[in-house]
Amino acid sequence: MKRRLTLAAAAVLAVAAPVLMFMRPASAAVGLHVSGRNIVEANGQTFVMRGVSHEHTWFTNQTSAFANIKSLGANAVRVVLSGGRWTADTASDVANVVSLCKQNRLICVLEDHDTTGYGEDGAAYTLDQAVNYWISLKSVLTGQENYIVINIGNEPIGNNNPSQWTSATTAAIQKMRANGFEHLLMVDAPNWGQDWQFVMRDNAQTVLNADSQHNTVLSIHMYDVFNTASSITSYLDTFQNNGWPLVIGEFGWQATASNVDDQTVMAQAVSRGIGYLGWSWAGNNDPVLDMVTNWDPEQLTTWGQRIFNGANGIKANAKEASIYRGTSPPPSSPSPTPTRTPTNPPPSSPPPSSPPPTTNPPTGGTGACTATYSIIGQWPGGFQGEVKVTAGNAAIRGWTAAWTFANGQAVTQSWNATVTASGSQVTARNVSYNGNLGAGASTTFGFLASSNGTNTVPTVSCAAS
C-alpha cells in the first residue's frame, strides 16, 4: 500500500542511518564521478544535470532531437535504449548516439529501458540481463567516461516485491565493475522508480557501499506520488542529510492538481544543487508528457515551456560541462529529420509505464470479453488501479470496459487505454496496439486516480467488437 511513514518513524530512520560521504580519490578519477553528494568531472568541476529524456529506441531517425534539445539550453540528455525487449540498439547505433551527444556538447545518460517494471510486467528484463547488454556495448563505451553516464536499468522493479531491489542493484553494480566499467553509474529506484515504499531510501548506504569505485548516483523518478511540496522536500531531505548522491532522473508536470508538483521539484533541485532530467522530449502515448509538438523545438507545449523557460528551468540554470568549453558550438539551425511512427507506440514513463507489446496479437473475429478491476496500491488522496481485459472463446478486434465509481474517485492519468469520464461513470477503450486479442488472450491497462478515503472496488463490464 502507498503509505507514508510517520514523521516520527522517518526521523528515527534518518538518525539511525550512517552519515557517510563518498569521496573518490583524485588519482582514481577517470571521468564523470561522484564526490560527496555531487557529480564532478575529471578536473574536479561540479556538473549538475539539467536536461530531458529522449525516446531514441522507438524513434531512431529523430537524430535532430539532440541538437534541438541543446538549442533550448540543456546540458544533458537521457537516451532511451533497448537491448532486445524492443528492437535492439546495436553497438554501432549507440556509438552514433554518443557521437551526437558530443557533437552537441551534451552529457549523455544512456539508459536500458528493458527492465521497466520487472516483477510486475512479465515482459521486463532483469537487471542482470541489463548488465549483459552493457557488456555487449563495452567496446563503444570504454574511453567515453568523460561524456557518458550509464543508467543501468530504467525503473527496474515494479510494485510486486520491491525489496528485491537492494540485492539486484548491488549485484548489477558489482558485475559492472567486475567487467571493467569505470563509468559513473546511475541506479533507479523500485516502485516504477518512485520509491513510495522507501526501499531505495532505506537501503541507499548498502547499495552505495557495493560500488568498489564509490562512483554510483541514485535516481528517483517523481510523478504523482510526489504531488505535494512536503512529500518532495521530505524525501530529498533524507538524502541530503545523509550525504548521498541523488538525481531526479525523471519527472513530469502538474497537468492536474493530483499530478507531480513539478515547480517544487525544479525549485528544490536548483536550491540543493542536484540534477534533474524531465520526461520527455516527444513521442509519448500520452501527449501531455511531450515537451514539443511534432518534434519541433519551435512548438513548445505547456510542459516544454515550464521545464525549459521557467524560473527554475533549464535555460536559466543549466551550465555546460567544462569538458566542452573552448570547443566549437554546434550549428544553430540543425536540419530537421522526418518523423517515423514505430510499429507499436512507445510507452509513457510515469508509473507503472506498462509498454506496448513488441508484436501485435493476431486478428480475428468478434467475441465476448470480461474485465477484472484491481487496486495495485493506495496512498492518502490517491491510488493506482489496473484492469485486465480477457477475450472469450473467440478472438476480438477491440474492447470497451466501463464502471461507475461509488465514492467520488476520479481518474487523473491512464496508460494502455483511452479513458474518459462523465461524472462517476468511466469508460476505457483499447488503443491501437492492444485491441486485437486472440481467444482467451488478455491485456491490461492502468490508471492513477484521486480518492477521498473510501475506495470501493467497482464491477467492470466489458463489450467486445
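W58 and W86 are both buried in this predicted model. Their ring centres are 5.3 Å apart and their planes sit at 85 degrees, so this counts as an edge-to-face pair. W58 belongs to the loop between β3 (50-54) and α2 (64-71), while W86 belongs to the loop between β4 (76-81) and α3 (91-103), so the pair ties together parts 28 residues apart in sequence. A search of the whole structure turns up 19 aromatic pairs.

Another of these pairs joins F383 and F447, with centres 6.0 Å apart and planes at 85 degrees, so it is edge-to-face. Here strand β14 (residues 382-391) supplies F383 and strand β19 (residues 442-450) supplies F447, which puts the partners 64 residues apart. F383 is buried at 0% relative accessibility, and F447 is buried at 1%. Both also turn up in a cluster linked by ring pairs, along with Y373, W399, W403, F405 and F445.

What about the nonpolar cores? The largest has 96 residues, and L110, W134, I152, L218, M222, W281 and I307 touch the most other members. Apart from it lies another core of 21 residues, with A391, F405, A417 and F447 among them.

Rings also meet charges: the charged end of K138 sits over the ring of F181, 5.8 Å from its centre, and that of R201 sits over the ring of F198 at 3.9 Å.

Finally, N159 is found in the loop between β6 (148-151) and α6 (165-178). With a relative accessible area of 10%, N159 counts as buried because the cut-off is under 20%. Its side chain makes a polar contact with the side chain of N191 (3.1 Å).

Key. Residues numbered from 1 in each chain as written. Predicted model: local features only at pLDDT ≥ 70, side-chain atom pairs only at ≥ 80, totals over all residues. Heavy atoms only, no water. Core = buried A, V, L, I, M, F, W, Y, C linked by side-chain atoms within 4.5 Å. Buried < 20%, exposed > 50% of the residue type's maximum accessible area, 1.4 Å probe, protein only. Helix = DSSP H or I, 4+ residues; strand = E, 2+ residues; numbered from the N terminus. Polar contact = N/O pair within 3.5 Å; in protein donor to acceptor, adjacent residues only side chain to side chain. Phe/Tyr/Trp six-rings, centres within 6.5 Å; stacked < 30°, edge-to-face > 60°. Lys NZ or Arg CZ within 6 Å of the ring centre and 35° of its normal.
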